[in-house]
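Subject: Structure handover

Hello,

Please find the structure below. My notes on what was found in it follow.

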Amino acid sequence: MKKLWDGIKGIYQLHLQIAPLMKELAEAHKENEALRLRLRELETKADIRSKVELRGRVYYLTEPLKGYSEGPFCALCLDEDGILITAMPGAVAGYWRCRRCERKRHA
Ligand SMILES: [Zn+2]
C-alpha cells in the first residue's frame, strides 16, 4: 500500500513540475505565432515597396499586384504604414486626397 501511495505522490509531484513547463510552452507557441504573423506582414510590406514608384506625390505600381489597381496610392500611408490606399484626385490639379489620412487627421 505504501508503494502505491509513493507512486501517487511521485506522479503528483511530476505533475507539479510539468504544469509550469506546459504553460511556458503554450506562451512560447503564442509568441511564435505572433512573430510569424509579424514576419509575414513585413514581407508583404517589403514586397509592395519593391513594386511601386513615386510619380509626383503619389505611388503607382510598376508591376501588377493581386487585388490592387495600378494606382495612384497615397504616399503617406505607404511610407508610414506600408499599406496601399487609393488616392483620389484633389480639388487642385496635381494634388491628391486620401480618405484614410483625412480620417486619421480628424480622429
Ligand atoms: Zn493616406
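What is the order of the three strands in the open sheet? The order is S1-S2-S3, and the pairing is antiparallel. S1 and S3 are the edge strands, each of them pairing on one side only. Strands here are DSSP runs of E of at least two residues, helices are DSSP runs of H or I of at least four, and both are numbered from the N terminus. Two strands pair if DSSP finds at least two bridges between them.

Before the details, two points on how to read the model. It is a predicted model, in which local features need pLDDT of at least 70 and side-chain atom pairs count only at pLDDT 80 or more, while totals for chains, interfaces and linings use all residues. Residues are numbered from 1 along each chain as its sequence is written.

Overall layout

The chain has three helices and five strands, and from the N terminus on they run α-β-β-β-α-β-β-α. The chain is more spread out than a compact globule, because its radius of gyration is 27 Å, well over the 13 Å that the globule rule gives for 107 residues. That radius is taken over C-alpha atoms, and the rule is 2.2 Å times the number of residues to the power 0.38. Taken along the principal axes, the box filled by the C-alpha atoms is roughly 90 × 35 × 20 Å.

The domain assignment gives domain 1 (1-50) and domain 2 (52-107); such bounds come from an automatic or database domain assignment. Between the C-alpha centres of the two domains there are 42 Å.

Buried residues make up 10% of the 107 residues. A residue is buried if 20 or more other C-beta atoms lie within 10 Å of its own, exposed if 12 or fewer, and partly exposed in between, with C-beta atoms placed from the backbone. Of the contacts between residues at least 6 apart in sequence, 20% join residues at least 24 apart. A contact means that the C-beta atoms of two residues, placed from the backbone, lie within 7 Å.

The N-terminal end

Met1 sits in the segment before H1 and counts as exposed because it has 5 C-beta neighbours inside 10 Å. Its C-alpha atom is 72 Å from that of Cys77, 76 residues apart along the chain. Gly10 belongs to helix H1 (residues 2-49). Gly10 is exposed too, with 10 other C-beta atoms within 10 Å, and its C-alpha atom is separated by 60 Å from that of Cys77.

The sheet

S1 (residues 52-55) and S2 (residues 58-61) pair in the antiparallel sense over four bridges. Glu53 has Tyr60 in S2 as its bridge partner. The two strands form a hairpin with two residues between them, and Gly56 in the turn has a positive phi of about 70°. S2 also pairs with S3 (residues 73-74), again antiparallel, over two bridges. Here Tyr59 stands opposite Phe73, and Val58 has Cys74 as its bridge partner.

Pro72 lies in the loop between S2 and S3. The peptide bond that leads from Gly71 to Pro72 is cis, with omega near 5°. For comparison, most residues other than glycine have a negative phi, and most peptide bonds are trans.

The core

Which residues make up the largest nonpolar core? They are Val52, Val58, Tyr59, Phe73, Cys74, Ala75, Cys77, Leu84, Ala87 and Cys98, 10 residues in all. S2, S3 and helix H2 (75-81) are the elements that give two or more residues to this core. A nonpolar core is a set of buried Ala, Val, Leu, Ile, Met, Phe, Trp, Tyr and Cys residues joined through C-beta atoms within 7 Å.

Not counting residues up to four places away in sequence, Val58 touches Gly71, Pro72, Phe73, Cys74, Ala75, Ala87 and Trp96.

Cys101 is in helix H3 (residues 99-106) and counts as partly exposed because it has 17 C-beta neighbours inside 10 Å. Leaving aside neighbours within four places in sequence, Cys101 is in contact with Cys74, Leu76 and Cys77. The C-alpha atoms of Cys101 and Leu16 are separated by 53 Å, and the two residues are 85 residues apart along the chain.

Regards
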